[in-house]
Amino acid sequence: MVRRIDVTGAGGVRLAAWEFTDPPKAGGRAGARGGPGVLLLHGLMGRAAHWARTARWLATRHRAVALDQRGHGRSEKPAGGPFDRGTYVDDAEAAVEQLGLGPVALIGHSMGALTAWQLAARRPDLVRALVICDMRASALGGASQREWTDWFRSWPVPFATLADVRKWFGEDDPLLERPNPARGDFFAEVMAERSDGWRPVFSRRQMLKARAGWAHDAHWEELALVECPTLVVRGLDGELGRAEAQEMVRVLPRGEYAEVADAGHLVHYDQPEAWRRVVEPFLAANLPAQPGPPES
């Protein structure tokens with residue numbers, strides 16, 4: 001089952017939050033709606049639905065909510081923005097408070113992970129545990145933004161079919177070193193059918209604005225301010241290198257490290273079972289589940 005909850009973000013922007021739970025078994029219950037809160041934050045170009053598998057296993061013990069961040073998914077995409085780092089953190093803070101999730105466990109992928117640790121640094125009273133999935137603390141530089149601009153221009157939009165979307169992003173994209181069907185599926189979930197074919201649900205121009213907040217700036221100082229237990233997870237073939245990930249763990253006051261073999265940047269999407277095996281014990285240790293009502 002999927003339930004949408006509307007959240008008001010910074011500047012009155014409408015944000016869509018989603019609860020994903022499996023239907024209850026006969027005589028059972030749909031999930032731990034009253035359990036400790038977990039907020040899931042997707043990466044750039046992603047959407048809350050990319051967390052569906054994670055949210056469903058979390059929902060058996062916790063109240064798990066995934067947020068479509070501004071400019072993404074079903075949330076508002078204000079033409080004039082803003083899409084700076086502070087605004088994304090404001091939106092996440094508003095979601096935690098309006099949904100009554102705090103003190104919350106934050107699980108973020110890529111851009112969502114940066115938002116999560118910035119919120120944890122700003123509001124330690126609001127965050128009790130943090131999972132950082134494949135996000136660098138170092139600045140990437142202006143050249144990285146130019147490369148992304150060129151990559152966006154290379155997209156053969158509109159795509160005639162979703163099969164074409166899956167093929168291009170999973171096989172034909174020049175950035176790929178080898179075929180990656182999961183990547184094709186990932187991008188198929190962020191396309192919508194228009195009169196001329198399939199196009200992304202987001203604005204690529206807005207994505208570049210959002211990305212500028214970490215392409216040009218490093219975030220080591222904020223990482224050092226995170227007081228709660230934090231798990232840094234990387235895919236073995238992801239964008240976060242092992243040396244940098246281990247340095248992030250060293251900088252974090254209460255950091256732990258894990259990596260997932262056979263996973264690229266989309267760790268939770270590439271290898272959902274292996275992802276669960278590294279995240280679930282961390283949450284069990286740092287986010288005790290609240291027992292639900294007895295099953296009849």
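How many cavities of 30 Å³ or more does the structure contain? In this predicted model, the count comes to two. The largest cavity has a volume of about 60 Å³, and its lining consists of Trp-57, Leu-58, Arg-61, His-62, Glu-280, Leu-283 and Ala-284. H11 gives the most, with three residues. By class, the lining of the largest cavity has four nonpolar residues, one polar residue and two charged residues.

The largest pocket has a volume of about 1,200 Å³. Its lining is made up of 35 residues, and those nearest the pocket centre are Arg-183, Asp-237, Gly-238, Glu-239 and His-265. Of the lining residues of this pocket, 15 are nonpolar, nine are polar and 11 are charged. At least two lining residues come from each of H4, helix H6 (181–188) and H7.

Two of these helices, H4 (residues 142–154) and H7 (residues 204–215), also pack against each other, at an angle of about 160° and with their axes 10 Å apart. Angles over 145 degrees count as roughly antiparallel, and H4 and H7 are therefore roughly antiparallel to each other. The crossing of H4 past H7 is right-handed. On the H4 side, the contact involves Ser-144, Gln-145, Trp-148, Thr-149 and Phe-152. These residues meet Arg-204, Met-207, Leu-208, Arg-211, Ala-212 and Ala-215 of H7. The contact of H4 with H7 has six nonpolar, three polar and two charged residues.

Key. Residues are numbered from 1 along each chain as its sequence is written. This is a predicted model: local features need pLDDT of at least 70, side-chain atom pairs count only at pLDDT 80 or more; totals for chains, interfaces and linings use all residues. Side-chain values use heavy atoms; hydrogens and water are left out. Axes are lines fitted to C-alpha atoms, for helices over the stretch in contact, and angles run from 0 to 180 degrees between N-to-C directions. Helices (H or I, at least four residues) and strands (E, at least two) are DSSP runs, numbered from the N terminus. Angles under 35 degrees count as roughly parallel, over 145 as roughly antiparallel, 65 to 115 as roughly perpendicular and the rest as oblique. A crossing is left-handed if the near helix is turned anticlockwise from the far one by less than a right angle, and right-handed if clockwise. Contact means heavy atoms within 4.5 Å. Ala, Val, Leu, Ile, Met, Phe, Trp, Tyr, Cys and Pro count as nonpolar, Asp, Glu, Lys and Arg as charged, and the others, Gly among them, as polar. On a 1 Å grid over the protein atoms alone, a cavity is a set of points where a 1.4 Å probe fits but cannot get out, and a pocket is an open set with protein on both sides within 12 Å along at least five of seven lines; lining residues have an atom within 4 Å of a point. Grid points are joined across faces, edges and corners, and a volume is the space filled by probe spheres set on the points.
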